[in-house]
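Let's take a walk through a protein together, one stop at a time. Have the sequence and the 3D view ready, and look up each residue as we come to it.

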Amino acid sequence: LAGARNLAELAQKNNLRHGLNKRSMDPLHAYEEGVNHDATMALWHYGDPVYLERCIVNARSTEALTVRLPDGGRLFKSQRLGAEDLEIDRPPDRDAHAHPLMWHPTFMVLWYNRNPRALAHVREWADTWMKHMEPGKFATGIDVKTGKTVNSDKTPFGGGYGGQASAFLFLYDLTGDETYVAPLLNEFEAGRSARRVNYYLPSLFHRLDMSRFAQHLPSILQGSDMARFLATGNRAPLMDALKRYVGEYQYFPIIYTSAEQFTDRIFLYGLYDPSNAYTGGFAARNSYWHTFAVGWAGFGTDYAALVTRAKPDHFRATAYSFAEEPVQGIATFWRLDHGVYRITTGPDRDGNDEMDHAIDSRELEIARGTTVPVTLPSKTQVVIEAKQVRKLDPIWDRADLAISPMEIRVQDGIVNGVAHNIGAKTARAIMALRDPGGRVVSRTDLGQLDAPLDLIPKRQPFTLKGLPEDHAGWTVVIDPDGAFDEIYEGNNVVPLTGK
């Protein structure tokens, strides 16, 4: 993580301007100049306003890479693009297979707060492409001047080395509009799978109602051992696949552990199914649809987990700890809709991934990023399940006041920093300095902070006084009174440690 932070700052200094590549080039390599890394950092540091605002800046800048068509559609202008497009009107040529990658930071913004301006632009672009998805000739290139398909693939979403599939699946997931996956569903209904979508089959199985394709499931799911397990409950093919991956790790130990990667031609395919097993999702080169259902922390490395259900309102996983004593940790949920859930845990002694009986049951409010304490007993297979009992309002239609540890500066008893609103509604930004006992020592009212609906970051510097020389345990807090329901509360407090 420290290396990733350093790389992000290096990209900001040397490679990027206004969120885009400084040197103009083709979209695949423009993406790799740091556009990809900014989006990744916003995921790894969920809620940190510095990283999300870099995606917000990129989302506005990306508008300049596109052109609005007379019919209201939208396409990327050219196979050459960069920050200079903010100053020039580049002659159009082709919107092609790798361009979807350039939407990655915009998708991060949409995932976080459903920014309406960003969503409108992405949908205009996607709607244009949908008109060029003919069976057997699914577009991977469109001439901007003529509007004609100039490149195509036999199966849908085959462009961009996974990037085209990521974009349309992500947009479907955000909107629930099956228009954006209709070409894929038509293939499923015909009993065919899609080469570039095989890696997403487990996530699709969680997200879609696959029962409509019941008669074709054996042929549709043949490209994914994990998806076949989810459909049938038969672990044997998945176990065989995992053993093959272990063999690969043993054969290439340096690549999977201590090697410093300096080329993008190392494909860690052996990580896909294990990632799907532990988290319910995966990530890979040019694949950025966020399908992770859960993150685990605190259990060490000597445990196993298998996500068997990752619906928006229902999560289930089987877990096993090899430790000699019970181990306490946390589960962080990423795909459950905001609601009240009944969390139950119980043993699964017959190994059928179903709970024999509940040993712990409680009701909790859960939204994206919520952490829940979990105890894994010693050497006992257990099932952990979360079922929605009451649906609550969507979290993205809220304000989100935030502060970042990257911007907090302490000197001579004074704390300086920056308040942000990275949400969808205006909120009043009040800052406070708290002592280790939670007492507010000083506070300041910064007034209203608008939401960045125009894709321009909304920030306000602040100063707080009264910090002692030894300030271990002290914190800086935004919205100390909890006056607003926010997208994420985890970015409201920054600890001040040491002297």
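Our first stop is a pair of side chains: Arg 90 and Ser 24 are joined by a polar contact of 3.3 Å. Keep in mind as you look that this is a predicted model. Arg 90 has another polar contact through its side chain, this time with the side chain of Glu 84, at 2.9 Å. To find Arg 90 in the chain, go to the loop that runs between strand 4 (74–76) and strand 5 (94–96).

Is Arg 90 buried or exposed? Its relative accessible area is 9%, so Arg 90 is buried, the cut-off for that label being under 20%. If we set aside the neighbours within four places in sequence, Arg 90 is in contact with Ser 24, Lys 77, Ser 78, Arg 80, Leu 81, Gly 82, Glu 84 and Asp 85.

How many of its residues are buried? The count is 12 of 13, so helix 6 is mostly covered. Among the buried ones are Phe 168, Leu 169, Phe 170 and Leu 171, but also Gln 164 and Asp 173.

What do these buried residues pack against? Their partners include helix 4 (104–113), helix 5 (116–130) and strand 7 (137–143), as well as helix 7 (182–189) and helix 8 (201–207). Just after helix 6 comes Gly 176, with a positive phi of about 75°.

Now let's visit the surface. Here Tyr 199, Phe 267 and Tyr 269 form a nonpolar patch, and together they have about 290 Å² of accessible area. One of them, Tyr 269, sits in the loop between helix 11 (236–251) and helix 12 (272–279). Its relative accessible area is 39%, and therefore Tyr 269 counts as partly exposed.

Our last stop is Ser 404, in the loop between strand 17 (401–402) and strand 18 (409–411). Ser 404 counts as buried because its relative accessibility is 1%. Which side chain does the side chain of Ser 404 meet in a polar contact? That partner is Asp 48, at 3.0 Å. Leaving out neighbours within four places in sequence, Ser 404 is in contact with Asp 48, Pro 49, Val 50 and Val 494.

Methods
Residues are numbered from 1 along each chain as its sequence is written. This is a predicted model: local features need pLDDT of at least 70, side-chain atom pairs count only at pLDDT 80 or more; totals for chains, interfaces and linings use all residues. Side-chain values use heavy atoms; hydrogens and water are left out. Helices (H or I, at least four residues) and strands (E, at least two) are DSSP runs, numbered from the N terminus. Buried means under 20% relative accessible area, exposed over 50%, partly exposed in between (1.4 Å probe, protein chains only). A polar contact is a pair of N or O atoms within 3.5 Å; within protein, one must be able to donate a hydrogen and the other to accept it, and residues adjacent in sequence count only if both atoms are side-chain atoms. Contact means heavy atoms within 4.5 Å. Patches are made of residues with over 30% relative accessible area and no salt bridge: like charges are joined within 9 Å, nonpolar side chains (Val, Leu, Ile, Met, Phe, Trp, Tyr) within 5 Å. Accessible areas come from the Shrake-Rupley method with a 1.4 Å probe; for residues, only the protein chains shown count as cover. A salt bridge is a side-chain nitrogen of Lys or Arg within 4 Å of a carboxyl oxygen of Asp or Glu.
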